[in-house]
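Below is a short briefing for someone meeting this model for the first time. Please look at the sequence and the structure before reading the points that follow.

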Amino acid sequence: MSEDNGAPEVWPTSDSTVIDATVEDVMAVISDFDSYPEWSASIRVAEVLSVGADGRPDRVRFALEAGAIVDDYVLAYSWSADHRVVEWRLESSALQRAQKGSYRLEPVEGGTRVDYELEIELVVPVIGRLRDRAERRILSEALRELKRRAESR
């Protein structure tokens, strides 16, 4: 955790939703990184850099523009054997010191419950209102836009 004037710049956040789609369909949207710029308003570029032995992307480069937050970064992914969990961690970034997150999918009546967790540690502090707006935007895209995309398939 970084310290800047005694204040950590770690952004932990989590949320969940139920998507009217199968676990397989939701995971298909999550793992289709090339399509992220089509449905995620903040992602300008998503480029798969490498694929693991399981055939799933294990390194992806993103260009992000979420209000005042602009970054180009690479995430390393790991996928569960049952295709219900994907976790990631930051490999490189200009703006972030660390990032880790996950999507956990569970079949439920009415579709799939998606639990989303994200923790970002920034290199520089961000003013409270800008941070709040960026965090809301990230959560919105992580769940609401994912839900819209998965339900429209």
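**Strand pairing and aromatic rings**

Ala-63 has Asp-72 of strand β4 as its bridge partner. The model is predicted, so local features need pLDDT of at least 70 and side-chain atom pairs count only at pLDDT 80 or more, while totals for chains, interfaces and linings use all residues. Residues are numbered from 1 along each chain as its sequence is written, and side-chain values use heavy atoms, with hydrogens and water left out.

**Overall make-up**

- The protein chain has 3 helices and 7 strands; these are DSSP runs numbered from the N terminus, with helices being H or I of at least four residues and strands E of at least two.
- Along the sequence, the elements follow the pattern β-α-α-β-β-β-β-β-β-α.
- The protein chain has 153 residues, and 45% of them count as buried (under 20% relative accessible area, with exposed over 50% and partly exposed in between; 1.4 Å probe, protein chains only).
- Contacts (heavy atoms within 4.5 Å) between residues at least 6 apart in sequence join residues at least 24 apart in 51% of cases.
- About 8,100 Å² of the protein chain is accessible surface, and carbon and sulfur atoms account for 47% of that area (Shrake-Rupley method with a 1.4 Å probe; for residues, only the protein chains shown count as cover).

**Strand β4 and its neighbours**

- Strand β4 spans residues 69-79 and is mostly covered, with 8 of its 11 residues buried.
- Strand β3 (residues 57-66) runs antiparallel to β4, and 8 bridges join them (strands pair if DSSP finds at least two bridges between them).
- On pairing with strand β5 (residues 85-93), β4 is again antiparallel, over 7 bridges.
- Within β5, Ser-93 stands opposite Tyr-73.
- The hairpin of β4 and β5 has 5 residues between the strands, and His-83 in the turn has a positive phi of about 60°.

**Aromatic rings**

- There are 12 aromatic pairs in the structure (rings of Phe, Tyr and Trp, the last by its six-membered ring, with centres within 6.5 Å; planes under 30 degrees apart are stacked, over 60 edge-to-face and the rest tilted).
- One of them is the tilted pair of Phe-33 and Tyr-36, at 5.1 Å centre to centre and 40° between the planes.
- Phe-33 is buried at a relative accessible area of 1%, and Tyr-36 is buried at 9%.
- Ring pairs link a cluster whose members include Phe-33, Tyr-36, Tyr-73 and Trp-79.
- Arg-56 has its charged end over the ring of Trp-79, 4.9 Å from the ring centre (NZ of Lys or CZ of Arg within 6 Å of the centre and within 35 degrees of the ring normal).
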